Amino acid sequence: MKKYFSILLIVIMLLPLIPLYQANAQQSVLVNKITIERITDDATAVQSLENGETQGRLFGIRSAETAQTLKTKGFTVIAPLGGLTDILVNPANECSNGMFNLFADREARFALEFLIPREQIVTNIYKGYALPIVNSYTPLDPDYPHLIATNTKWMSIVEAKGKSYGLHLLADALKRDGAVLKNGKWYKDGKPVTVNFVIRTEDERRNIGDMLANVLEKEANLTVNRMYKDFSAAFQIVYSGNPGDCQWSLYTEGWGITGMTKYNYGDAVYFYSSIWGGMPGWLQSGYWNYRNATIDKIATALDNGEYNSSAQFYQMVNKILDLGFQESVRVWVAATRDFYIAAPGLTGFITSPKAWPWNTFTYLNLHYKTDSVKLSDRYVYKSGWGWNPVAGWQDMYSQSVYRAVIWPEVTSRVTDGATGWSPANTATWSVQKGSPVLQVPGNALVYDYKAHQWKHVSDEGTLYAKDAITYNFKLLGKLKFHDGTTETVADLLAPIYVIEEYSHDTSTNTTKDNRAETSLQGYYSTFLNNFVAIKIINSTAVTVYSNYTSVDDGLTAQTMNPWTSFPLELYAAMDQATRNHKLVYTMEASGATGLPQVHLISTDQDQMMINYLNNTLNNPPDWVQQLINLGVLSLSDWQARVHNLINFYNEYHNLVIGNGPFKLTSYDNVNDVATLERVQNFPVQPAIIALELSPKSLTMNATVPGISYNTKGTPIAKIDATVSGNPATQQNSMVYALLIDLSNYKSTFLNIKQVKPGEFIAQLPSNLPEGQYSIAILAYPVGYSVPATFQKVLTLQAPPVQTTTTTTTTTTSTTHTTTTSSPVQTTTTTTTTTTSTTHTTTTSSPVQTTTSSPTSSPTQSTTAPKKSNAALWASVIIIIIIIIAAAWYAMRK
């Protein structure tokens with residue numbers, strides 16, 4: 001319970017600092033050239049900013065003091081909650097080197113949840129600019145109101161049980177596994193129980209690793225091999241290697257957040273299940289792979305949209321988070337706040353509360369006093385991760401180039417995670433759902449990976465799908481790739497071919513399928529499980545037939561979106577090299593086969609791909625020829641595309657060919673410097689995007705009693721809110737209020753009603769058990785995911801038993817007084833009737849009193865409960881006096 005409050009209070013502390021701090025804009029022009037250079041050290045990067053040598057830092061700095069100092073000097077400071085840290089645990093139960101892996105024991109992994117000093121890490125290492133977390137969801141996520149109870153439960157348990165409980169669990173696991181404690185150290189089969197701990201050296205994760213290693217060594221009595229590694233060395237050990245080789249036991253994992261979305265099941269699926277290849281083993285054939293059948297079953301259902309309501313969706317996500325915490329393959333530590341710095345006058349940032357600010361739309365809208373700027377990053381390219389559109393650009397450093405060169409369509413809005421969003425309305429979509437299925441038309445296209453062939457559906461027989469999503473991509477025919485090729489519907493088919501062909505292994509006893517990379521099954525699980533066919537309607541519109549469906553049509557459209565930011569000819573060039581068994585797409589396949597991962601700024605690879613492509617000029621690859629035969633593409637168009645790609649390489653010496661607002665015009669691999677130049681006549685105007693994605697803010701005040709009744713309809717809270725200075729309404733805000741039962745952490749959402757603009761009331765939807773509850777209120781402005789938050793403990797109790805006193809008299813005058821209860825107000829009404837009965841009913845109220853009479857309008861009173869009771873007793877005494885007087889008068893007569 002205490003932990004829950006500390007989380008929300010920290011969020012309240014952080015939120016006022018999250019919006020963009022920006023100096024007054026000077027007269028500026030659109031930036032046309034961006035140079036990105038490597039500066040690994042933050043202090044050196046800050047110095048280069050102050051000296052005017054660079055105008056922005058792409059990698060977030062963590063020092064709040066430095067950020068504040070720069071702000072006072074006129075620098076722009078953007079401070080989203082943009083990073084996540086965790087401890088990745090190797091659960092392999094079979095070590096090829098014969099090593100005893102303690103963390104194959106689930107209880108030993110679970111013990112780490114109690115041994116990681118999250119509060120110390122947040123306070124001492126991150127200096128308060130982070131949140132302790134038990135999973136990847138934070139209050140800035142659109143889904144967070146539905147996940148609070150799970151977070152509260154595990155945070156409270158961790159706090160209540162503490163480090164001693166974790167040490168006890170770990171000792172029990174060691175004893176159960178046959179280890180013995182000798183001379184202050186644990187031994188197994190005569191060897192010290194050793195933890196190979198890969199600790200990143202570039203940032204706070206070194207301190208986190210050392211802090212946990214100290215606990216494991218000094219208090220848990222384990223032997224810790226501290227393996228200090230930088231970015232690429234750590235990746236080679238952890239992600240490229242087989243977990244079954246047991247080269248590592250723990251790893252200080254970190255994540256940069258580049259976006260968010262409502263109905264985000266991706267975090268739950270990737271971080272806890274094995275179906276997307278996010279767990280140790282990475283779905284690579286021949287590796288030891290972690291799997292949990294229960295989690296994988298729920299994850300697969302989420303991945304396929306197999307739920308009937310929002311409530312069921314969140315129930316499934318919460319179940320995965322609950323089971324995942326107990327499995328503890330990822331032990332979450334903190335959500336971190338990063339400070340992104342820009343020089344005075346550099347403007348146009350499109351900010352997100354929980355994401356990196358250097359998104360595509362920031363690049364599009366960037367302005368400065370000159371049309372050329374220099375930016376720094378810790379690295380531009382770091383060996384170990386490839387740049388390719390199939391399975392590359394997975395590291396944070398490469399995003400600085402990737403986000404500039406791509407243009408997304410039908411995605412989630414960067415500022416609040418709204419689903420099915422299209423920037424500047426450049427695409428529209430509609431979803432037709434089957435009842436329960438619909439027939440796929442015969443002229444739709446499928447790719448048959450067994451026959452290695454594009455076909456019409458009519459060639460396959462009759463196919464059915466759960467839904468049909470029709471997209472109208474208005475930029476097709478207008479948007480050009482950086483090699484000069486105009487994007488058409490043919491480009492949408494290229495990634496479908498690659499995904500279908502390379503994710504499936506069609507090898508036989510006599511033939512080898514060189515195009516198979518099983519690890520891609522994890523990357524494209526949703527598509528592979530649900531794609532049925534695609535129909536070309538016209539030059540801008542297609543219909544995707546799918547078995548994926550969701551309660552949110554926007555999520556359905558976003559999930560099955562066939563848009564691509566890279567041209568067909570680039571996919572063909574990569575395909576020629578991979579099918580000839582010279583390159584592979586994934587890092588996992590590279591580790592398993594020893595072949596290089598496709599990397600589009602490798603001169604050797606690029607030249608090889610161009611040579612292969614040159615040979616196909618008059619004899620296109622089979623899948624391209626099939627598209628020509630189907631009339632989707634012409635031979636002359638193919639030949640022009642090949643020439644365009646080769647010309648681009650000859651001019652710019654790379655094959656990073658996207659469709660975004662900037663193109664990569666050079667990369668200096670010696671000095672790690674990239675140069676980007678704006679695409680002239682880009683078909684989307686920066687001002688439109690800037691207006692559409694402008695930040696919103698919400699302020700809120702809530703009034704909640706300490707004691708309330710537990711009956712359906714009881715008002716629990718009064719909420720006053722404004723959005724960007726205007727009264728909040730159901731159209732410009734989303735208000736959530738829920739009660740969490742502190743005895744079992746079950747949550748109940750309250751009914752929210754708008755009383756008038758700017759005022760809401762939260763009511764109990766049903767009768768609840770008596771006891772202590774925590775009420776959490778989160779109010780979000782539509783279009784920007786920064787909530788105003790409120791929390792308080794309250795007690796629900798049953799209403800008092802009514803007491804009724806009836807006295808019969810001979811008088812024809814009656815006084816009828818009724819006091820009714822409400823946790824928000826008490827209403828007392830007095831009337832006079834002609835009956836011979838005096839009827840008094842009394843019920844208590846814990847809060848405010850409102851008094852009304854038939855002759856006056858209701859007026860608000862702040863009378864406390866004691867005064868209300870006094871007035872009630874006064875009324876009773878008056879009634880008694882009247883009765884006595886009437887009796888006395890009768891006797892006198």
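Q: Which strand does Pro 436 lie in?
A: Pro 436 belongs to strand E17, which covers residues 427-439. Please note that this is a predicted model.

Q: And the peptide bond from Ser 435 to Pro 436, is that cis or trans?
A: That bond is cis, and its omega is near 0 degrees. As a general rule, most peptide bonds are trans.

Q: On to phi, then. What is the phi of Trp 282?
A: Trp 282 is not a glycine, yet its phi is positive, at about 55 degrees. The residue sits in the loop between H9 and H10.

Q: Is Trp 282 buried or exposed?
A: Trp 282 has a relative accessible area of 3%, and a residue counts as buried under 20%. Trp 282 is therefore buried.

Q: What about Asn 681, buried or exposed?
A: Asn 681 is exposed, with a relative accessible area of 78%. Its phi is also positive, about 60 degrees, although Asn 681 is not a glycine. Its place is the loop between strand E24 (673-678) and helix H24 (686-692).

Q: Changing topic: how many residues are in helix H11?
A: Helix H11 has 18 residues, numbered 310-327. From its first C-alpha to its last it reaches 26 Å, close to the 26 Å expected at 1.5 Å a residue. After H11 comes Ser 328, with a positive phi near 55 degrees.

Q: Which residues of H11 are buried?
A: The buried residues include Phe 313, Tyr 314, Met 316 and Val 317. Among the elements that cover the buried residues of H11 are helix H4 (106-115), H6, helix H9 (266-272) and helix H10 (293-303).

Q: At what angle do H10 and H11 pack?
A: The angle is about 150 degrees, and the axes are 10 Å apart. Angles over 145 degrees count as roughly antiparallel, so H10 and H11 are roughly antiparallel to each other. The crossing of H10 and H11 is left-handed.

Q: Which residues meet there?
A: On H10 they include Ile 295, Ile 298 and Leu 302, and on H11 they include Phe 313, Ile 320 and Leu 323.

Q: Now the sheet. In what order do its five strands come?
A: The order is E26-E34-E33-E29-E30, in an open sheet with mixed pairing. Strand E26 (707-709) and strand E30 (747-749) are the edge strands, each pairing on one side only.

Q: In which sense do E26 and E34 pair?
A: They pair in the parallel sense, over three bridges. Ser 708 stands opposite Leu 796 in E34.

Q: Which helix packs on the sheet?
A: Helix H6 (residues 148-176) does, touching E29, E30 and E33. The direction of H6 makes about 40 degrees with that of E29.

Notes:
Residues are numbered from 1 along each chain as its sequence is written. This is a predicted model: local features need pLDDT of at least 70, side-chain atom pairs count only at pLDDT 80 or more; totals for chains, interfaces and linings use all residues. Side-chain values use heavy atoms; hydrogens and water are left out. Two strands pair if DSSP finds at least two bridges between them. Helices (H or I, at least four residues) and strands (E, at least two) are DSSP runs, numbered from the N terminus. Contact means heavy atoms within 4.5 Å. Axes are lines fitted to C-alpha atoms, for helices over the stretch in contact, and angles run from 0 to 180 degrees between N-to-C directions. The expected span of a helix is 1.5 Å times one less than its number of residues. Buried means under 20% relative accessible area, exposed over 50%, partly exposed in between (1.4 Å probe, protein chains only). Angles under 35 degrees count as roughly parallel, over 145 as roughly antiparallel, 65 to 115 as roughly perpendicular and the rest as oblique. A crossing is left-handed if the near helix is turned anticlockwise from the far one by less than a right angle, and right-handed if clockwise.
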